[in-house]
Amino acid sequence: MNLAVLPGLLLAIAALLSTLAAARAETPDEALETLLKEARQQCGTAGQSPDRLERVVCGKPLRIGVRDYYPLFGTRENGVHVGFEPDIAHTIAQRLGVTIEFVRVNAATRIPLLGEDRIDLVLATMGHTTQRDGQVRFIRPHYYQSETALVGPKTLHIADWDDLATRTICVAVGNVSNAELVSHNARLMLFDEAGVLPDRLKDETCTLAAQDDSFFAYYFTDRAFADRFEQKFGFAQVPWGMGVAKTGSDKLGRALDLLSQIFHRDGTFLEIARKNRIRTTFLERQQQVWQRPECNTAQGSANPACVLPALNLELKPTPFAGAVESAEDWIEKRLGIDVTLPMLKTAPAFSLFLNGVANSLILIAGSLTATFAFAIVFGFTLGSEFPPLRWLAWLVTMTLQSSPIVLTLVIAATFAHALLPYSAGVALGASILALGLTNGSNAGQAVSEAVISLHREGREKGMALFVHALGRSAISIVAFLINAAKGTPAASFIGAPELLGALTDVSSFSSGRATIYCLVLIFYTIVVMIVVWACGWLRAWLEGREVKA
Amino acid sequence: MKPADMWGDYVPSLLGGMATNFEISIVALLLGLAVGMPFAALRFYGGRLSVAFAAIVISLMRAAPTFVVMFFLLNVARDVSVFGMKLNMSGVMTVAVSLVPYSAAYTADAGLDALRQWDRGSPLGALLFLPNITRAFFVIVMASGAAAAIGVPEGISVILREAALLPSLGDRLVVFAIGIVLFGVPLQIGLALMRWLQRELGRRLVGA
C-alpha cells in the first residue's frame, strides 16, 4: 500500500463521516435538540431581547392562548382547560421541558394578544389564511384542518354540488365558505350566530346547514343528533395553524415547526385527536406525509411538497374600490352615517350586484308582460261560451287563487327543474310564469266578469266586446300588474338571481347589511312607483278604448 | 308518500303551521288598522298639506314590496333602538310588521271610502269597509307565506320541508296539492263570506 495516499484516504473518510453526521443532524428531532440546547445555554446570560424560546426554557411559563368554549377543541371544565388544543399544549410543554400558562382567547382577541406580548403562542382554532400571514408567524406543518361541512337529514339525498341548486342552506353570516355556496346556486338563509344552526336543523326550520366541521363535531357526539343527521360532503378546507409573534419568536417558531413535524410523523397529533373524538382523516394523511424521507428532515417544514399552502380568501377589488372607501369615510365624517357598500368594493360582489339589477328589471318587465297576456287568456277562456273551456279555466283560476305566491313559485320551479337543468334563466323564467299566472288569472277573472256584464247589457259580440271588457276591467288589470311588480322580489326564494337575492348573497360574505337592505328597499320602492305611474297611462288608454267602443 | 305519514304527520303539522299564518295576519291587520285609519282621517279631514303628506306616505307604503320590507326589518330594524331598547322582533313579528305597509295602505284607502260614504249620509255604504277589510285579511294570509324565507315555521315552511325530503316529483306534487287545498278552503270561504256581506249590504243600500 502506498503510504503517500494514506492522508488523502483518511481525509476522504473524515469528509464522508462528517457528511453522514451532517445528514443525521438533518432529522427534526436532532435539529430540535440542538436548538433547545443552544437556547438553554443562554440562561443566565444578560442577552438583550431574548427570543421567547430562550425565555421559556429558562424558567418563564409558555403563555398559550386557547379557546374556552369550543367543544372538543378547547373548553374549560371546573377551571381546567380540556380538549384537543389544551392537550397539544401540554404535550408541547412536556417535550420542551417548560411550564405553561393558559390564557383565554377568542377569535377577535387571539392575534392582538400575541402582538401585545401577552401570550407567546396561539393555539386556538385559528385558520391559516394569506391575510393572517401578515399578522402572525404560522407554525408549519399545520396541526389540523377543518372544512365546511354540509349537514342534513340522513333521509335526504345530497351527493354533490349538483344536488344543491335552488336548495336553501342555513349559514352563519360572515362564514368564509358562503361565497362558494352562492357560486353553486344554493340559496342562503342567514343567521347571526352559528350556535343556532343545530337547533334549526332539529326543529326543521333548516333542511341543510353549512358550518365548520369542527363546530358540528361536538353535535355529532350526541347520539340523537347523529341518528338523524349526517355530513353530506365537505368543502373549503382551511388548515389550522399555531401562531407566534412575527418578532422575537424566531427560535420558538422554529422549535414548534420541528415539534409539529415530529408530532405528525409519530402520530402524536393523531393520538390526541382520537382521545378527544374529533375527525382524524386529515391527521392520518399528514402522518403519511411526514413519514416520507423528503419531509422527515429539519428543512421539511419549508418544503412546499410537504406543507399545505395558506388559504387565500382575498377577493379581487374593483378598480374603484378606493374611491368607494373614500366616499364611505366622507359620508361618515360629514353626515355621521355609517354607510358600507360592499357590493362596489370587490369584483365578485360588484358582478352579483350588476346582474341583480339587470335580472330584477328583466323579471319585472317579464312579469308585467306575462300578467297582461294571462289576463287576456283567462279573461277570454273564463268568459267563453264553450263550457268545458270555461270550467277548466275556472278550475285553474281557483287553484292559483288558493295557492300562496311563494308556493306557486316553488311549484313552478319544481316543474322547471324537472324538465331543465338549473340556470339563472330557468329560475327567472319559472318566476315570470308563476307571477304572470297568479296575477293574470285574477285580472282575467275581472275581465271575464266585464265580458259577462257586457253580454247582459246586450252589447256587441266578438273582438269588439272583448276590447270593451278590457277597458271596463282596467282598474283590476292595473292593480294586478302592480301586484306582479311588487311580487318580483319573492322570486329570490326559488333562486332567481334578482337584486334581493344577489345582495343577500353579497351580505353573507361581507359586512354592510344595513346599507345593503336599505338600498334594496329604495330600489324596489322606486321601481314599483314607476310601474304604478306607467300603469296609470295604461289604465287611461284601456278606459279610452272602452269609451270609443 | 304513505297515506299514514300524510294524515298522521304532514297534515297536522301543516294545520299547526297555518295557525301561525293566521296569527301573523291578525297582528298585521290590527297594526294596519292602527296605522291606516289615522291616515284615512288625515286625508278626509286634513288641510291641503296634510292630505298631500298622507297621500305620499300611503303611496310609499303601497309601493313597498312585502318580501323586501321583511328582509329590511330582519337585517336593519333589529339594530334600531326605541327609547334605549332594542326592538329585537321575533320572526313572526318581523313578518307581521312587514305586511303592515300593505295592510295600512289598504285600510287608509278603504277607510277614506267609508268616511266619504258616512259623510254622504250612507252608513250602509260605509259598512262596505268590513268586506273590504275581510278581503285584505285573506290577501295577508296568503302573503304571510313569505315567512318561509326567513325560517318562521309556518304553513309554507311545513310544505317545503315535507317536499324537500321526497325524491319523486309525483310525491312532491301531492304535498303541494294538499297545501293548496288547506290554504284554499279558508280563503274561498272567506271570499264567499265577503261576497255575501257585499251583496247583503248592497241590497240594503238599494232598499234604503
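Me: Let's start with chain B. How many helices and strands are there in chain B?
Reply: Chain B has nine helices and two strands. Helices here are DSSP runs of H or I with at least four residues, strands are runs of E with at least two, and both are numbered from the N terminus. Keep in mind that this is a predicted model, where local features need pLDDT of at least 70, side-chain atom pairs count only at pLDDT 80 or more, and totals for chains, interfaces and linings use all residues. Residues are numbered from 1 along each chain as its sequence is written, while chains are lettered from A and ligands numbered from 1 in the order in which they are written.

Me: In what order do the elements of chain B run?
Reply: Starting at the N terminus, you get α-α-α-β-β-α-α-α-α-α-α.

Me: And what box do the C-alpha atoms of chain B fill?
Reply: Roughly 60 × 55 × 25 Å, taken along the principal axes.

Me: What share of chain B counts as buried?
Reply: 43% of its 208 residues. Buried means that 20 or more other C-beta atoms lie within 10 Å of the residue's own; 12 or fewer makes it exposed, anything in between is partly exposed, and the C-beta atoms are placed from the backbone. As for contacts in chain B between residues at least 6 apart in sequence, 76% join residues at least 24 apart. A contact means C-beta atoms, placed from the backbone, within 7 Å.

Me: OK, switching to chain A. Which domains does the assignment give?
Reply: Domain 1 is 28-40 + 49-143 + 241-302, domain 2 is 146-238 and domain 3 is 342-548. Those bounds come from an automatic or database domain assignment.

Me: How far apart are the C-alpha centres of domains 2 and 3 of chain A?
Reply: They lie 33 Å apart. The contact takes 11 residues from domain 2 of chain A and 10 residues from domain 3 of chain A. On the domain 2 side, α7 (178-183) and β10 (187-191) of chain A are the elements that give two or more residues.

Me: What does β8 of chain A pair with?
Reply: Nine bridges join β8(A) to β12(A) (residues 229-240), and the two run antiparallel.

Me: Why is β8 of chain A called largely enclosed?
Reply: Because eight of the 10 residues of β8(A) (residues 144-153) are buried, the rest of the structure largely encloses this strand.

Me: New topic: which residues touch the most other members of the largest nonpolar core?
Reply: Val406(A), Leu409(A), Val68(B) and Ala146(B), out of 130 residues. Helix α18 (residues 424-456) of chain A gives the most to this core, with 15 residues. A nonpolar core is a set of buried Ala, Val, Leu, Ile, Met, Phe, Trp, Tyr and Cys residues joined through C-beta atoms within 7 Å.

Me: Last one: how many residues does each chain put into the contact between A and B?
Reply: Chain A gives 40 residues and chain B gives 36. On the chain A side, the largest share comes from α22(A), with 11 residues.

Key
Pairing = 2+ DSSP bridges. Contact = placed C-beta atoms within 7 Å.
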